[in-house]
Amino acid sequence: MLAVAPLSLPGKGAIEGDAVDLFVERARAARPGFVPRDADAPVVAEIVRKLDGIPLAIELAAARMGVLSAAQLLEKLPSRLDLLVTGRRDASSRHQTLRAAIEWSWELLSPVERAALEQASVFSGGFSLEAARAVLALEGAPEIQDVLQGLVEKSLLRAWSPEELPEELRFAMFESIRDFALEKLGPARREAESRHADFFLERGSAWSESVRRRDGAAALAKLALEAENHISLHERALAAPESPESRERALRAILVLDALLSMQGPFVRLLQGIDAALQRLSGVDPLLVARVLRARGRACYRFGPSRLEAFPDLERALELARLAGDAALEARLQDD
């Protein structure tokens, strides 16, 4: 298995740590005399963060410094499974590429463990046990917690409790392993992503309502913790083939994100997400459109360069609410 524990990673803005030290050491073997310049330091730190501190991945990446600059290496990391190859003849076959190392571990998994890892690749930024139970469809009805614990013990998942919600156990996989598992998911990906969307839209809508009632500090913490899952849900809906379902998901997802981003920012990302969701409205519930237009208008009023930008959105939302006979939404819009 990938039994070697990940190395300590530099924090945001930092350029120190065991992972950076290993990268520099191996880079010098590939390019004698290599010394990171001031401009290289944050790039190297980002490289080792993207490689999750996995020693094998760092060694293979650093070996490419003989032909690539640090910036070029970082640019190529999205295709990391194929990039990280070494020609060392003394390396065992499973350590000659990152893909081979993960493949070797993969072949030792049970069918249920493989299915769990494949389907867990649809999560972004980690997931809770509750989310795993809703999204992972495993044959034989095994106890999902036991399956996940087995993957943690094999170093293919990691588990931790976040400081902001210490009572919650969360799981995540290293990005290199996630890339590999997502490749393996194949035709089942659509169904897994659909379950992912259903779960996070239901939970996210409830959390966002609590936040808007101003009684939801815990709900806001949950939204922040699951922000990457909601962002990926929104992006998948935008990228999906045109359908009323994909349009509705994009609008509902941005409403969930509005509850978080309108309070914590960044405003630009919120506005871009709203605008992208509003591009395709055919077949969508007009009241849902009205709620998103209200969110856009309120965001522009609070954060935009000119409050005048808000009024067309709020007026259109009010018109839609009146046509649909939603007195409660109409009242809220008149108060805005």
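**Aromatic pairs, sheet and surface**

Phe 123 and Phe 200 are both buried. This is a predicted model, so keep that in mind for what follows.

Searching the whole structure gives six aromatic pairs. In one of them, Phe 123 and Phe 127 have ring centres 4.3 Å apart and planes at 20 degrees, so that pair is stacked. Phe 127 is buried as well, because its relative accessibility is 1%, and the value for Phe 123 is 3%. Phe 123 also pairs with Phe 200, this time edge-to-face, at 6.2 Å between centres and 80 degrees between planes. Ring pairs join Phe 123, Phe 127, Phe 171, Phe 199 and Phe 200 into a cluster.

Next, the sheet. Three strands make an open, antiparallel sheet in the order β1-β3-β2. β1, residues 127-128, and β2, residues 158-160, are the edge strands, each pairing on one side only. Two bridges hold the antiparallel pairing of β1 with β3, residues 170-172, and Ser 128 stands opposite Arg 170 in β3.

Tyr 301 belongs to helix α16 and is partly exposed, at 35% relative accessibility.

Last, confidence. Mean pLDDT for the chain is 83, with 89% of residues at 70 or more. It is highest in β1, at 96, and lowest in helix α5, residues 80-83, at a mean of 65. Where pLDDT is low, predicted coordinates should not be read in detail.

Terms used:
Residues are numbered from 1 along each chain as its sequence is written. This is a predicted model: local features need pLDDT of at least 70, side-chain atom pairs count only at pLDDT 80 or more; totals for chains, interfaces and linings use all residues. Side-chain values use heavy atoms; hydrogens and water are left out. Two strands pair if DSSP finds at least two bridges between them. Helices (H or I, at least four residues) and strands (E, at least two) are DSSP runs, numbered from the N terminus. Buried means under 20% relative accessible area, exposed over 50%, partly exposed in between (1.4 Å probe, protein chains only). pLDDT is the predictor's confidence in each residue, from 0 to 100. Rings of Phe, Tyr and Trp (its six-membered ring) pair if their centres lie within 6.5 Å; planes under 30 degrees apart count as stacked, over 60 as edge-to-face and the rest as tilted.
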